[in-house]
Amino acid sequence: MASAKYIFVTGGVTSSLGKGIIASSLAKLLQARGFTVTIQKFDPYINIDPGTLNPYEHGECYVTDDGAETDLDLGHYERFLNSPTSQANNVTTGRIYNSVITKERQGAYLGKTVQVIPHITDEIKRNICALGETGKYDIVITEIGGCVGDIESLPFIEAVRQFKWDVGANNAIVIHLTLIPYLKSAGELKTKPTQHSVKELLETGIQPDILVCRTERPLPQEIRKKLALFCNVHINSVIEAADAETIYDVPLLMKKEKLDERVLIKMKLPHDQEPNLESWKEFLGRLKNPSEEVTIGLVGKYVELRDAYKSIAEAFIHAGAHNECKVNIRWIHSETLVPDNVETLFHDLDGVLVAPGFGERGIDGKIAAIRFVRENKIPFFGICLGMQCAVVEFARNVLGLEGAVSREWNSQAIHPVIDMMEDQKNVTEKGGTMRLGAYPCEIKKGSKAYHIYGKTKIMERHRHRYEFNNQYLESFEKAGMIPTGINPDNGLVEIVEIKDHPWFVGVQFHPELKSTVVCPHPLFVQFVKAAVEYATKRMVVR
Ligand code: GLN
């Protein structure tokens, strides 16, 4: 195909309607019809990227192979499409202004007054086509963050209006996602908020081509007719998006509503071939008919906001389906854990995952949790900070190194078994300065990691400043905590395992970021398997 077609997804009425899931589901359907598709997200906030945001603000920060710190919706894009995203897939207002201001300082505007229109909107338009122009994609879906009518998103909406005009109606369409609330007292679904939101969009010069309506109840024909009439869309372009049991049902719901077909017709693309969703349906079949059930404790300090651990929770869904096992997550706040209550809180768990994180808060709880699962041979999986805590726990309680810590919690440490990476020591800026993105790791043959991955060379994504302190390597190894994955270029420890434990694995990287529906991550798959085995044993002992 000569040049890409563009689909924009805007949102109205309220936030949190699931634009990312709708965009991902549409992309999945188009991909299943043989098109190459990518999705990008434009976020209207002023941070250059979400890397400096507290997880309570915006949930997890998703890291791509090229080391971009991005919005968690990119995780959905990758999980649904099974293809990697990059920095180009996430653009913020901050990034747009940053590059316009940099160009201005370089004199690129030749003495002109630099303005929102045309300079900011031109920069947005340049980013809209950046992925399309690589020639790799037939279709580029752009999700515009926030709600239509927000002051912050105005330049993006204006850029979409101009872009649509520039490339013509068959080459760019707008899908508007709205809410049709059900009023209990009236016993009716209400279309007024959607009418208002479409009017708002019309005021900016954009006529949506398709309406996707989130609703708790089925949309009757009269409601669809009314929406079509008031919002100038064809009745077939009023798409019902009913609440789904899982996000992975949404592609099938959208197919039933023919969202993909409407899109292809509007963009004059072939639509005679049905999407091939065999592997997707197979996944759903396994997800919904589990023969096993396990409960995993997820120990972290942001558990009040589940979005902070989005990719971990989704990786458990993929790995659970693979094992035909329902994985229940017990969210455990690390600050509530003390050595005395661990046994009571953990007595019915089949495995424990200690989550990534930053800073000292909640560390003692994580270390108490790890000591308990290590001594009681309960499957353990430590990710990034979780791995670092496992190293510290081992140093304190097995090697007898009293006061062993990570340098992150105590800069004057006597035994910094986790230390700051050499190349981080002179870093003063916070944004985008961690060790980020994909790095190679070499796995030792014969290790559990080797058994899990089935190969010696892997690439995994990172986001950290601290590392295993190799000065202590020998003592750890002698006492039974083995480094089984090493970065071949700089010797950084990437994976640790405990020899005499059924499943105790800590990883410095973030495997959760690479788990997809089609390719569940092997570490999660095997951790769940170990939990199933442990659960069976637990039953027998009882
Ligand atoms: N705070 C730790 C570090 O910077 C761990 C980071 C993480 O868990 N992602 O090394």
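Strands (E, at least two residues) and helices (H or I, at least four) are DSSP runs, numbered from the N terminus.

Before going further, please keep in mind that this is a predicted model, where local features need pLDDT of at least 70 and side-chain atom pairs count only at pLDDT 80 or more, while totals for chains, interfaces and linings use all residues. Residues are numbered from 1 along each chain as its sequence is written, and side-chain values use heavy atoms, leaving out hydrogens and water.

Now look at the neighbours of strand 6. Strand 1 (residues 5-11) pairs with strand 6 in the parallel sense over five bridges, with F8 opposite T142. Strand 2 (residues 37-43) also runs parallel to strand 6, joined to it by six bridges, and V37 has I139 as its bridge partner. Two strands count as paired if DSSP finds at least two bridges between them.

I139 and I141 also lead us into the largest nonpolar core, which has 44 residues; they are among those with the most contacts inside it, along with I7, V212, L259 and V263. Helix 1 (residues 19-31) gives this core its largest share, seven residues. Such a core is a set of buried Ala, Val, Leu, Ile, Met, Phe, Trp, Tyr and Cys residues joined through side-chain atoms within 4.5 Å. A second, separate core of 42 residues includes A368, V373, L401 and W409.

Finally, turn to the open spaces. The largest pocket has a volume of about 1000 Å³, and among its 44 lining residues S16, L17, G18, D73 and D307 are the closest to its centre. A pocket is an open set of points on a 1 Å grid over the protein atoms alone, with protein on both sides within 12 Å along at least five of seven lines, and lining residues have an atom within 4 Å of a point. Its volume is the space filled by probe spheres set on the points, which are joined across faces, edges and corners.

Methods:
Buried < 20%, exposed > 50% of the residue type's maximum accessible area, 1.4 Å probe, protein only. 1 Å grid on protein atoms, 1.4 Å probe; cavity = no way out; pocket = protein on both sides within 12 Å on 5 of 7 lines; lining within 4 Å.
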